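Please consult the sequence and coordinates shown below.

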Amino acid sequence: MKRIAVLIASFIMTQQLLIGEAIARPARCVVNGAGAAPYQGKCEFSPETGGSFSITPVGKSAFDGATVISVSVTLPGVAEVRGLTRDGINSRWGEAQRSKEDPACWIGSDFKICVY
């Protein structure tokens, strides 16, 4: 009976660790979009599987009109970037390449997203 209790406790602890990794963490973001004022400041970083992630601004309402930016890794070093607006519009920002100089950054044709 004691062995079963230990196994159940171990399982619950493992689940808590896995859930904890999916919770948003504070970070510092730099988002530069085409023609928009750059965002530099606090954000919430939410990791996802395969290196994908999403960010939300803290203290400001949006990054270049987007309340959430999603970076979805499609291939190593390549991602599809989208922004969700306050109105629920999911806009495609385009493809981005991971920066070789600063791996915290993803660079698209007219935008750059860095999360530290």
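**Location of Ser99**

Where is the place of Ser99? In this predicted model, Ser99 lies in the loop between strand 6 and strand 7. Ser99 has a relative accessible area of 11% and is therefore buried, the cut-off being under 20%. Leaving aside residues up to four places away in sequence, Ser99 touches Cys105 and Ile107.

**Confidence**

The protein has a mean pLDDT of 83, with 79% of its residues at 70 or more. Among the elements, the lowest mean pLDDT, 44, belongs to helix 1 (residues 2-22), and the highest, 97, to strand 7 (residues 105-108). The pLDDT is below 50 over residues 5-21, a stretch that has 1 contact in the model beyond near neighbours in sequence. Where pLDDT is low, predicted coordinates should not be read in detail.

**Nonpolar core**

The largest nonpolar core comprises 20 residues, of which Ile55, Ile69 and Ile113 touch the most other members. At least two residues of this core come from each of several strands, including strand 1 (25-32), strand 4 (66-75) and strand 8 (112-115).

Not counting residues up to four places away in sequence, the contacts of Ile55 include Cys29, Phe45, Phe63, Ile69, Ile113 and Val115.

**Largest pocket**

The largest pocket holds about 150 Å³ of space. Phe45 and Val115, both touched by Ile55, are among its lining residues, as are Arg98, Pro103 and Trp106. By class, the lining consists of 7 nonpolar, 3 polar and 1 charged residues.

Note on methods. Residues numbered from 1 in each chain as written. Predicted model: local features only at pLDDT ≥ 70, side-chain atom pairs only at ≥ 80, totals over all residues. Heavy atoms only, no water. Core = buried A, V, L, I, M, F, W, Y, C linked by side-chain atoms within 4.5 Å. Buried < 20%, exposed > 50% of the residue type's maximum accessible area, 1.4 Å probe, protein only. Helix = DSSP H or I, 4+ residues; strand = E, 2+ residues; numbered from the N terminus. Contact = heavy atoms within 4.5 Å. pLDDT = per-residue confidence, 0-100. 1 Å grid on protein atoms, 1.4 Å probe; cavity = no way out; pocket = protein on both sides within 12 Å on 5 of 7 lines; lining within 4 Å. Points joined across faces, edges and corners; volume = space filled by probe spheres on them. Nonpolar A, V, L, I, M, F, W, Y, C, P; charged D, E, K, R; others polar.
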